[in-house]
Structures are given as structure tokens and as C-alpha cells.
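Here are my notes on the model you sent over. Have it open while you read.

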Amino acid sequence: DGAASAEPGKGPDPDAPGEVRLAGPVRLAKAAAVHVDAEDAEEDVAAAAQALDAADKGDDDARFVVDGAEDHELLWFATQEIPQLVS
């Protein structure tokens, strides 16, 4: 419905969407599932979040850090499992 848009070029593959921007809040009723990082990804994801701006500006070391976070598989959960995830 136009609430989400892809931003090509914001990921490791310039032809893939890479990053999705939301125009505003999305009602949970519209979601089919949520994706969550496993606990063992926490440090890599935090480091990647810090390095993202530098990686976008072409810093190869920062890109390596971001790529390391992308190596982790996201866990998939149905929306009815959210209460157990946040408790």
C-alpha cells in the first residue's frame, strides 16, 4: 500500500533492495512474521550499526564489519510468538 519502499544500493548487492524504509508505523496486524537476530549476533550487529555510515562512505574496514553482521541468519517467528520474544 505504499507504506514501504526499497532503497537499492544500500546493501552489499547493488541490484538487491538492501534497505527498506517505512513511511510510518505499520500495524502488527499487517505483519505475517518477524525476524530477530540470535543472541550470538548481538556484538556483530552492534558493531555493524556503528560502522554503517563509514561503510556507506567507502571505508573498506567498516564494510568488513558490516559484512560480518550479515553472515548471521535471522530467526523467523510468527506474530503470535512476539509476546514470548519480548518477555
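1. The crossing of α1 and α2 is left-handed, meaning that the near helix is turned anticlockwise from the far one by less than a right angle (clockwise would be right-handed). Keep in mind that this is a predicted model, where local features need pLDDT of at least 70 and side-chain atom pairs count only at pLDDT 80 or more, while totals for chains, interfaces and linings use all residues. Residues are numbered from 1 along each chain as its sequence is written, and side-chain values use heavy atoms, with hydrogens and water left out.

2. How do the two helices sit against each other? Helix α1 covers residues 42-56 and helix α2 residues 60-70; they pack at about 140°, and their axes are 8 Å apart. Axes here are lines fitted to C-alpha atoms, for helices over the stretch in contact, with angles from 0 to 180 degrees between N-to-C directions. The pair is therefore oblique; that word covers whatever is left once under 35 degrees is called roughly parallel, over 145 roughly antiparallel and 65 to 115 roughly perpendicular.

3. Who touches whom? From α1 come D44, V45, A47, A48, A51, L52, A54 and A55, and they meet A62, R63, V65, V66, G68 and A69 of α2. Contact means heavy atoms within 4.5 Å. By class, that makes eleven nonpolar, one polar and two charged residues (nonpolar: Ala, Val, Leu, Ile, Met, Phe, Trp, Tyr, Cys and Pro; charged: Asp, Glu, Lys and Arg; polar: the others, Gly among them).

4. V45 deserves a look of its own. This α1 residue is partly exposed, at 30% relative accessibility. Setting aside neighbours within four places in sequence, V45 is in contact with D37 and A69. Its C-alpha is 9.8 Å from that of D67, 22 residues away along the chain.

5. Is A41 buried or exposed? A41 is in the loop between β3 (33-37) and α1, and its relative accessible area is 0%, so A41 is buried. The cut-offs are under 20% for buried and over 50% for exposed, with partly exposed in between (1.4 Å probe, protein chains only). H72 is 31 residues from A41 in sequence, yet their C-alpha atoms are 6.3 Å apart.

6. Now the whole chain. The protein has three helices and four strands, in the order β-β-β-α-α-β-α; helices (H or I, at least four residues) and strands (E, at least two) are DSSP runs, numbered from the N terminus. Of its 87 residues, 16% count as buried.
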